[in-house]
Amino acid sequence: MKIQITADLLDGIVLAILKQDDYYGYALTQRVQEVITVSESTMYPVLRRLKRDGFVTTYDQPYQGRNRRYYQITADGEAHLKRVRKLWNDYKNSLDQLFNPTGEGNEK
């Protein structure tokens, strides 16, 4: 069973990675795939939306005769990341209270 990732959470994952460093599209997809299952066909629309909303900016750099488009988080993106983190923490804490109301360790 897989838990569905919402658009807000996927935005947060991408922005959290970009807060650490700039990435080109393929490398960013690979980095996200280390954490969750996501296809390239899912990632590029996310990146276009984040750019359209002003949360990331892009720049091109030549690499082996081609250009790589790098994504960089903006100040608005950092503010959005902060909101997503708050939403995630509130959601996670609510679920933790439901699944583990006594504060006991994880069941194996």
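Buried means under 20% relative accessible area, exposed means over 50%, and partly exposed is in between, with a 1.4 Å probe and protein chains only. I start with that cut-off, then go through the fold.

**Ground rules.** I am looking at a predicted model, where local features need pLDDT of at least 70, side-chain atom pairs count only at pLDDT 80 or more, and totals for chains, interfaces and linings use all residues. Residues are numbered from 1 along each chain as its sequence is written, and side-chain values use heavy atoms, with hydrogens and water left out.

**Entry 1, the sheet.** I took helices (H or I, at least four residues) and strands (E, at least two) as DSSP runs, numbered from the N terminus. Two strands pair if DSSP finds at least two bridges between them. I found three strands in an open sheet, order 1-3-2, with antiparallel pairing. Strand 1 and strand 2 are at the edges with a single partner strand each, so one side of each has no neighbour in the sheet.

I then checked the pairings. Strand 1 (residues 23–24) is joined to strand 3 (residues 66–73) by two bridges, and tyrosine 23 has tyrosine 71 as its bridge partner there. Strand 2 (residues 56–63) pairs with strand 3 over eight bridges. In that pairing I see valine 56 opposite isoleucine 73 and threonine 57 opposite glutamine 72. Strands 2 and 3 make a hairpin with two residues between them, and glutamine 64 in the turn has a positive phi of about 50°.

I counted rings of Phe, Tyr and Trp (its six-membered ring) as a pair if their centres lie within 6.5 Å; planes under 30 degrees apart are stacked, over 60 edge-to-face, and the rest tilted. The count comes to three aromatic pairs. Tyrosine 59 and tyrosine 70 are a stacked pair, 5.5 Å centre to centre with 10° between the planes. Tyrosine 59 is in strand 2 and tyrosine 70 in strand 3, 11 residues apart. Tyrosine 70 is at 16%, so I call it buried.

Next I looked at tryptophan 88 and tyrosine 91: the ring centres are 6.2 Å apart and the planes at 45°, so that pair is tilted. They sit three residues apart in helix 4 (residues 75–99), which means about one helical turn between them. Tryptophan 88 is partly exposed at 38%. I also noted that Tyr24, Tyr59 and Tyr70 form one aromatic cluster.

Axes are lines fitted to C-alpha atoms, for helices over the stretch in contact, and angles run from 0 to 180 degrees between N-to-C directions. The axes of helix 1 (residues 7–20) and helix 3 (residues 40–52) come within 11 Å and cross at roughly 80°. That makes the two helices roughly perpendicular (65 to 115 degrees; under 35 is roughly parallel, over 145 roughly antiparallel, the rest oblique). With contact meaning heavy atoms within 4.5 Å, residues including Leu10 and Val14 of helix 1 meet residues including Met43 and Leu47 of helix 3. Helix 1 also lies across strand 1, strand 2 and strand 3, at about 100° to strand 3.

In helix 2 (residues 25–33) I list Gly25, Ala27, Leu28, Thr29 and Val32 as buried. These buried residues pack against helix 1, strand 1, helix 3 and strand 3. Not counting residues up to four places away in sequence, threonine 29 touches Glu40 and Met43.
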